[in-house]
Amino acid sequence: MDNNLLKEELIRISGAKPVKCMSCGKCSATCPAYEQMEYHPHQFVNMIANGDIEPLLNSKSIYKCLTCFACVDRCPRGVEPAKLVEAVRLVSVRKQGNNHLTANDIPQLLDEEIPQQALVSAFRKYTK
Amino acid sequence: MQKVSREILVDKAISLLNQGVVKAVFGWRKGEFDYDVTPAVFTTEKDIKENFVFNGFCGANFSKYLVAKTVNFDGKILVFLKSCDTYSFNQLLTEHRFDREKVYAVGIPCDGMADISKVKEIAGDGVSKIDFEGDMMKVTTLYQDEPVEIKLGDVLLERCYNCKSKKHVAYDELIGEDGEVLDSNRFDEVAKLEAMTPDERFAFWQGELSKCLRCNACRDVCPACTCEKCVFDNPNSGVENKAAANSFEEKMFHIIRAFHVAGRCTDCGECSRVCPQNIPLHLLNRKFIKDINQFYGEYQAGEQVGSRAPLVNYTTEDVEPCDVFKGGEENA
Amino acid sequence: MQVEEYKPLIVAFCCNWCSYAGADLAGNNRLNYPADVKIIRVPCSCRVNPMFILRAFQRGADGVILCGCHPGDCHYTSGNYYTRRRMALLFSMLDYLGIERERTRVEWVSAAEGAKFAATMNDFAQKVASLGKNKRLEDLRCKK
Amino acid sequence: MRKCSIDNINDVLKALSEKIPLYLPVDRLDGKATYQKYQEGKVWSNALNTERSAKDFFFPQMENLVEFKTQGKNVEVIDIRDEKQDFIIFGVRACDVKSFEILDRVFLSQPVDTFYKSRREHGIIFSLACSKPNETCFCSVFNIDATAPAGDVTLWKTETEVFFKANTEKGEKILSEIDSLTTECGEETVNEQREKTKKILSKLPLSDLDLTNFGVGKTKALFDSPLWKEMSSTCLGCGTCTFVCPTCQCYDIKEFKVGDKVTRFRCWDSCMYSDFTKMAHGNPRLTQAERFRQRFMHKLVYYPDNNDGLFSCVGCGRCLSKCPISMNIVKVIKRVGGKENE
Amino acid sequence: MQRIGVFVCWCGSNIAGTVDVKAVAEALKNEPGVVYSANYQYMCSQAGQNMIIEAVKEHKLTGIVVCSCSPRMHEATFRKTAEAAGLNPYMVEIANIREQCSWVHKDMATGTEKAIILGKAAVAKVNLNAPLTPGESPVTKRALVIGGGIAGIQTALDIAEAGFPVDIVEKNPTIGGKMAQLDKTFPTLDCAACILTPKMVDVAQHEKIRIFSYSEVEDVTGFVGNFDVKIKKRARFVKEDVCTGCGACVEKCPMKKIPNEFNLGMNNRTAIYIPFAQAVPKVATIDANACNMIKNGKCGICSKVCTAGAIDYTQKDEIISEKYGAIVVATGFNPISMDKFDEFAYNQSKDVITSLEFERLTNAAGPTAGKLLRPSDLEHPHTIVFVQCVGSRCASCAEKGKEYCSKICCMYTAKHAMLTRDKYPDTEVYVFYIDVRTPGKNFDEFYRRAVEEYGVKYIKGMVGKVSPEGKKLKVQASDLLNNKQIKIDADLVVLAAAIEPDKSARPLATKLTASMDTNDFFTEAHPKLRPVESPTAGVFLSGACQGPKDIPETVSQASAAAAKVIGLLVKDKLKGNPCVARSNELMCNGCSSCERVCPYGAITYEDKEFRMPDRTTKVRRIAKVNPAVCQGCGACTVACPSGAMDLQGFANNQIMAEVDAICK
């Protein structure tokens, strides 16, 4: 998909407004998964605004976002970065074969500690 | 049959009158036929007992009368208000048109009022008797052997058919339970017109407005039209005209009439009820209400005393006049 | 056959502080616009009563344009905001009645925008001319 | 008497309208009947009566009288009267036919209103007998026979046929022109219908209205009744009753100025309006009660006083069904003329 | 009937080049009311004007139409001409046949035709003109300044210096405002008290200035030049004229645990107190909510120790009524509440403070006597984090922050950072910023000095979270330039809180009928050309009540407002613009529509008795326009449904006559 179309699509899916961003970085400052991410919340916003989306789609960062919404809550401009991350993830997952988690992976993840509910929701979230 | 019976209202009126709370009672006076009721002022118990009537034809909105009747009246006047009437009541208070202290308002529940011309469309001419039983009416005519049974819901006045609210927004006392603001379909007809081509719309309105007699009933009944001197009666206003001389005058009158009440009209529907030519005047008022809701946010005139009408208000982000048509096209 | 060129009659209400001055500037810069446009000076666009607009149509105008200061720049701080609401509703109503929407317009022209004034009038006059005579809001008594 | 099948009535209408424009009650989209000019496709309404009365044909709501043109300091007076041609009003009910007589007494007495007169002379009236009067009808109270109305031609309509009877020379002449479309017949069917209708008329709820307290010489007795104020107290002051009334004849004269041209016209006025008969000094009737009284006293007392006892109400019932507050002449007759006032 | 003279100007060839001026004069001769018509090369010349004067006399003209250049050019000229000829100046109308005709059209026929039509419109209007006389009203030569901060002080001093009496109303016990709480001022780093307190003393000693401290404006009526103001002087239970400010009462007062507002609650004061040493007036005030004597009738120590006998426990609030010609609003600002910013832990840790609190912490007269100590344990902080834009530029949540930039934070934060590094070189100072905004004389240089000379660490990025852990404050932030997340263990966190107008401004605006924007800043009459006036005539704006401002800007605006006030007060009479709205009482419904659209508060209501048609009387509410306040925009004329409101000089019938003339 053409970058501009992709950008429109991401904005449509997320309902977020990257254009309102004033680059304060509070989203990244507040992000608990920051260290695990290759691209950080403020980069998501900036790169989507610039149509530079391909690297995001190919990055594992989209699976590192916990969707805790701290960035959404703290953003002074109402940009809602988490929703943008989510949108990128959806675009990726919706491509056939891009499932981050398949049913086959689940037995390996099972252990005594992990709540089954977490696996079910992860499966729902990371799979088409 | 209305939720509240004539007897309850009569008892209420008489007791308030006898207690000295009020000195006069606004009510509906019995006429020649069962559907024929006249707004009237009652001052004696005897008159109320004999002539006060309340049935499914008591559509008249008393609010406007208070403007004239409270002036120099010594004491309080009792007025019975249906939910729709209470909005007009508040709007008049917002505009300081009468003294709230001179009125004792009793809110009454309403199931909608019937339109006698719709009754006659079903039962035929020569209606000699109408009996109410529950939400049915039995209509006896000169020409049918058996009374015709009609459901109240089938012959409601247009405004009751699209009732916007059963909630009373003003009263001193409420008889029965209060209702709720309803999701009416009152803008459907407007949307239908908006969806037409300009030519169709023009033909529609040309046809409707050419029926106008310029009897001024719509203006004179309108609770928002309480001007001391109406521009259409004022030879110095530049728009005064006694006759609907031609199609321009007809449009001029109705555009200005609707514009002058825009943002103040509570959509009480009296204009359409009284029009002797059955012009759907409410469609003009509702167009303004619909536009106001769409462009400036939901606003119901009369909902709150003292609220600021949309045309005497603004925001710096308001829609540009050239953009107002876009909404219409989306609807189309 | 020689057909006489149809010339629309256009009434322009201009606020004294911005648009009238903008029109003056168009004159100063010798920017042409059709002579069909006749300007009436009002203190503020909010002085224009819908009755004036209907009156103009009645008396034979083919288009009516209202010019005021840009929103936020009103000499009287808020006048044009009221104008904007009033005219939005009025124009929407005229459209609802089937009257051609191109016959009415509101334009914000500042005292510095002589070029915009001329361009607006050229454009408006041309659009109105393409609609032809005003038939839907005419008063036959006013025709010659 | 002649007749035609109801199926052929369109042929009759077409033939009549070929030479003379013909107006007849036609149902509007909202189901109400109005007079419209006949042309192919227009269907004669079955409604009892038209929304507006038939007085418009002779006394239209608005009528231009004269034009002035100023040039410099000169004023030119232009007579804009156009010669009226003949026209037919078809299907006028008895009440409206009677109203013409009431208007005639006003407009044709000296000084004659020539605008009215010329229209009246050109009008040919096809009246229509009633068979299904409404509960609001009370023409019989004014001695109007709804089963045999006057007019140049009287019509009776049954389920299957229409009967024609000429009453005047004008009527005979015009009927003779459509001889080919009608057949001669007896009066039995018509008489039968008339008898039936009369029975209904006598049973109508308003047929027993008592007018004894009104008419010639009653001004003093009624003028100061307190009921005027009471009954008018909720009157809106609109003009509905006067504008739908077939006998109301008040008008105002106004001017319309365009550049150097002034058109003087007249239009209906209503005694219900606050500026009714307003003059330089002000208004002779200050309150709605006085204007309200004027309307009914005029119909029931002043007019009869000046016109040999003839009431200027024809009982058509339009004001009963149209008044926004259901106040009307019947209520006035009953209360002001009734026991309450004695 | 008018007798109108028409004068068509050639303007050399400017008009005559494309308009046949003679034909125009000839055509207009036949218009109704026109008795004389002429043309001349330059109507605006002395000769042209004389021609008009002669014609008025000779032809007994009552109205004049000049077909010439734009009325914006010479309307005033020809009005003066008319006046010289003995006519009312408002009987003149101009047809603009130059800028809007000859200059924009090319051929003679078109130009001439249009010029005639424009002339006809002007004639039609003049036919309906009526002589107008501007109303005159006297001016009370006294000004009121609301607010005794630096803005109010400067305005009052400037007005008083010009010789007009001024009253300052200050709601606190002392004047001085926010500036009195500051330590140093940027970019020069002079001590705030050193430059402010002399001015406060000037105010106190100026014979033309009265200070109503501990007072509020209760009610304002009237209009420009003639305001009637009621001032509520709250009871301070100390006789102002008797108290010497010796402070004996303060020393002895047993109620010592009242949070000290002046130090933002960081230390305590007594129930009877003097806010600070240089307070003006230097008079004690008893806090009625804290004083045991006033609450319970037990104590009375202050009264015993006061040798001057100034204590009066029975004092009552007092209402003072005074007349003013002009009112200056100088109500100032406050930092917004930090309660809603949980992420910065302001309510969880005493060591998270606002910048204003930081000012007090570094001020020699402050709670720590000028030593920078952590409020929690009074230890010297080694790592200090400054966070900018807290609540400023915050578009997402109106209940939390403000959408605007607070303007002063960048500079005072640079100042704080620099001063800290200067005094305590052992501290690490971090400033987290989104942008550094330094427009102003020597401002950017100042900021660069903080970085380059003082080693303040500026980091582009916001702080996301502050969490107290033991004695430390864990600060988690992002460094956008290095694309890193930073974690700092700080000892002190300073929040640059957004500023907002004082809460007293909104009710005051209502009393003054002065308009405000959605942020409760007062709106100016024109954002560019009349920045120190409110749209309400006679009300002026000074300082941060109009928008965020630093001290130099505040002082310049204060002096500007004073200049405007002086300009008003030197006049003996105010001449109004006669083209104002007028309400026809007979038609007015009293519905308030006009009042609601009036930007100037020129419309008031009164009850008036009317005769009714039935000869009884009735009392009705009707609108009244104050011609001294009305500016003649006409918004009310359209809001009025009955047409009772009309605009003189641009009346309904006049505009419609113009429309008719143009369209015929």
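How many residues of chain B are in contact with chain C? The first legend answers this for the predicted model.

**Figure 1. Chain B in contact with chain C.** In this predicted model, 34 residues of chain B are in contact with 34 residues of chain C. Five helices of chain B each supply at least two residues of the side that touches chain C: helix 7 (188-195), helix 8 (198-209), helix 10 (247-261), helix 12 (282-296) and helix 13 (324-331). Helix 10 of chain B gives the most, with 7 residues. By residue type, this side of chain B divides into 22 nonpolar, 4 polar and 8 charged.

**Figure 2. Chain C in contact with chain E.** This contact takes 35 residues from chain C and 38 residues from chain E. On the side of chain C that touches chain E, helix 1 (19-28), strand 2 (37-42), helix 2 (50-58) and helix 3 (79-96) of chain C each supply at least two residues. Helix 1 of chain C brings the largest share, 6 residues. The residues on this side of chain C divide into 19 nonpolar, 8 polar and 8 charged.

**Figure 3. Chain A, overall view.** Chain A has 9 helices and 0 strands. Its pattern along the sequence is α-α-α-α-α-α-α-α-α. The radius of gyration of chain A is 15 Å, close to the 14 Å that the globule rule gives for 128 residues, so chain A is as compact as a globular protein of that length. The C-alpha trace of chain A spans about 45 × 30 × 20 Å along its principal axes. Of the 128 residues of chain A, 35% count as buried. Take the contacts in chain A between residues at least 6 apart in sequence: 69% of them join residues at least 24 apart.

**Figure 4. Helix 3 of chain A and its cover.** Helix 3 of chain A runs over residues 41-49. Which of its residues are buried? They are Pro41(A), His42(A), Gln43(A), Phe44(A), Val45(A) and Ile48(A). The cover over these buried residues includes helix 1 (3-14), helix 2 (26-30), helix 4 (54-58), helix 6 (70-74) and helix 7 (81-94) of chain A. Strand 25 (472-479) of chain E is also part of that cover. Just after helix 3 of chain A comes Gly51(A), with a positive phi of about 75°.

**Figure 5. Domains of chain E.** Chain E is divided into domain 1 (4-127), domain 2 (135-228 + 318-332 + 503-573), domain 3 (235-316), domain 4 (334-500) and domain 5 (581-648). Between the C-alpha centres of domain 1 of chain E and domain 3 of chain E, the distance is 75 Å.

**Figure 6. Helix 13 of chain E crossing helix 14 of chain E.** The axes of helix 13 (residues 409-423) of chain E and helix 14 (residues 443-452) of chain E come within 9 Å. They cross at roughly 35°, and the crossing is left-handed. From helix 13 of chain E come Met411(E), Ala414(E), Ala417(E) and Met418(E). They meet Phe443(E), Phe446(E), Tyr447(E), Arg449(E) and Ala450(E) in helix 14 of chain E. The residues of this contact divide into 8 nonpolar, no polar and 1 charged.

**Figure 7. Two cis peptide bonds in chain E.** Most peptide bonds are trans. Phe186(E) and Pro187(E) are joined by a cis bond, with omega about -10°. Pro187(E) is found in the loop between strand 8 (184-185) and strand 9 (190-191) of chain E. The bond from Val280(E) to Pro281(E) is also cis, with omega near 0°. Pro281(E) is found in the loop between strand 15 (272-273) and strand 16 (285-286) of chain E.

Figure 8. Most residues other than glycine have a negative phi. Thr67(A) has a positive phi near 55°. Thr67(A) lies in the loop between helix 5 (61-64) and helix 6 of chain A. Is Thr67(A) buried or partly exposed? Thr67(A) is partly exposed, with 13 other C-beta atoms within 10 Å. Ser592(E) has a positive phi near 80°. Ser592(E) lies in the loop between strand 31 (581-583) and helix 17 (593-597) of chain E. Ser592(E) counts as buried, because 20 C-beta neighbours lie inside 10 Å.

Notes: Residues numbered from 1 in each chain as written. Chains lettered and ligands numbered in written order. Predicted model: local features only at pLDDT ≥ 70, side-chain atom pairs only at ≥ 80, totals over all residues. Domains from an automatic or database assignment. Contact = placed C-beta atoms within 7 Å. Helix = DSSP H or I, 4+ residues; strand = E, 2+ residues; numbered from the N terminus. Nonpolar A, V, L, I, M, F, W, Y, C, P; charged D, E, K, R; others polar. Rg over C-alpha atoms; globule rule 2.2 N^0.38 Å. Buried ≥ 20, exposed ≤ 12 C-beta atoms within 10 Å, placed from the backbone. Axes fitted to C-alpha atoms, helices over the stretch in contact; angles between N-to-C directions. Left-handed = near helix turned anticlockwise from the far one by under 90°.
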